[in-house]
Amino acid sequence: MHSWWESISKARSRIHLLSSLLPSSPDDEDPLSSLADTDRPARSLLLSAAAYSSVSAAISSPSSGSGEDPLCHWLYDTYLSSDPDLRLVVLSYLPLISSIYLRRIHHPASDTPVSLSGFEAVLLALYSSETKARNGKPVTISIPDLSQPSLYHSPRNSVKSSNSNSKPSKPLVGVLSPPLEPQMAVKSTKRACIVGVALDCYYKQISQMPRWSKLDFWHENGDEFGNDIRVEADEIENVAERVNDLAIENYNSVEVGDKDAKIPLPWELLQPVLRILGHCLLGPLNVDEVKDAASMAVRRLYARASHDLVPQAILATRSLIQLDKRAREAANAASTAAAYASGSNANTPSKAKKPEILLVSK
């Protein structure tokens, strides 16, 4: 009971501190004031669209991201807390922080702060936690041996092969991510790795991220992915028509955007982006708005990869596009079959029921 109340008290204090850091609006009521009084304040903060809008507006301000930014201090200290819901709150702003940080680093504006150490401190906090969790070990996957008769079974060691000269096959292991080295600062040579690890932390908790956090990832990275397609999901009524207009065979007609707006996309940064894309495209619980935004983003990435001639990115994005098309075709076929079934049932004449006769004893 003491631990539960201590967690609630800490979450309420963090929310009150956050409310004091945000610019006050005399016309609108503070969206954070009522969240601190709920039974689960940290979870309420995570699932509040109004609170997310207020915080994201402060993060997007031209003066944000410096070492003196109090909001960056709040994000850093909150992520270091032991409350898992408070850590999720910080992770929900990671798509916005990473996109703004990379854009300002590679294409600084005249009003951009000289130092972005505030954003870098938040990214390093996530990187350090993941480095500690991996404990110096790489992230690996087991690759099935195609020489075996089954992908899911391997012969036992006790069973001798008919060929005495045959050697037992060694398990094939692929390295997804090498061991992480501790970093005290964001160097230019390690920037993509640090941001990529932070995005991988976001991906691990993506099932608990709210809809608006996922949408920010794709809306904020439109120019960085490399073309001028700007289509909002709520402006399109027929998703199937829009996807067909951007079919994979016609990717050459997609204009690559302004070169000055693009950012480098090395493989260590692109890998977590593709994992997030796969979840947003194929996750069964995602709303159509998230799937539509991810569908546009994967086509942007495919056009960018085709323009830059990056084989790994071309294969990965092309596969995601094909999976997206098949999922949409299956959904359209299922909805058509359901509509036909309901219509046929409504038009089928039914026999009139005989009136019920109740026997009552005298």
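This is a predicted model: local features need pLDDT of at least 70, side-chain atom pairs count only at pLDDT 80 or more; totals for chains, interfaces and linings use all residues.
## Strands and a nonpolar patch

Strands here are DSSP runs of at least two residues, numbered from the N terminus.

Where do the patch residues come from? Strand E1 (139-143) and strand E2 (172-177) each put in at least two. E1 gives the largest share, at three residues.

Ile141 is a handy one to click on. This residue sits in strand E1, and its relative accessible area is 39%, so Ile141 counts as partly exposed.

## The chain as a whole

Zooming out, the protein chain has 14 helices along with two strands. Of its 362 residues, 41% are buried. The chain exposes about 21500 Å², and 55% of that comes from carbon and sulfur atoms.

As for contacts, take those in the protein chain with a separation of 6 or more: 77% of them are between residues 24 or more positions apart.

## Two helices side by side

How do helix H4 (residues 70-79) and helix H7 (residues 117-134) sit against each other? Their axes come within 8 Å and cross at roughly 10 degrees. Angles under 35 degrees count as roughly parallel, so that is the label for H4 and H7.

If you want to see what does the touching, H4 brings Cys72, Leu75, Tyr76 and Tyr79 to the contact. On the H7 side, the residues are Gly118, Phe119, Ala121, Val122, Ala125, Leu126 and Ser129.

Leave aside the neighbours within four places in sequence, and Gln183 is in contact with Leu124, Tyr127, Lys190 and Ile194.

## A tryptophan in helix H1

Trp5 belongs to helix H1 (residues 2-21). Its relative accessibility is 46%, which puts Trp5 in the partly exposed class, since that class runs between the 20% and 50% cut-offs.

How far is Trp5 from Asp39 in space? The two are 34 residues apart in sequence, and their C-alpha atoms are 10.0 Å apart.

Technical notes:
Residues are numbered from 1 along each chain as its sequence is written. Side-chain values use heavy atoms; hydrogens and water are left out. Helices (H or I, at least four residues) and strands (E, at least two) are DSSP runs, numbered from the N terminus. Buried means under 20% relative accessible area, exposed over 50%, partly exposed in between (1.4 Å probe, protein chains only). Axes are lines fitted to C-alpha atoms, for helices over the stretch in contact, and angles run from 0 to 180 degrees between N-to-C directions. Angles under 35 degrees count as roughly parallel, over 145 as roughly antiparallel, 65 to 115 as roughly perpendicular and the rest as oblique. Contact means heavy atoms within 4.5 Å. Accessible areas come from the Shrake-Rupley method with a 1.4 Å probe; for residues, only the protein chains shown count as cover.
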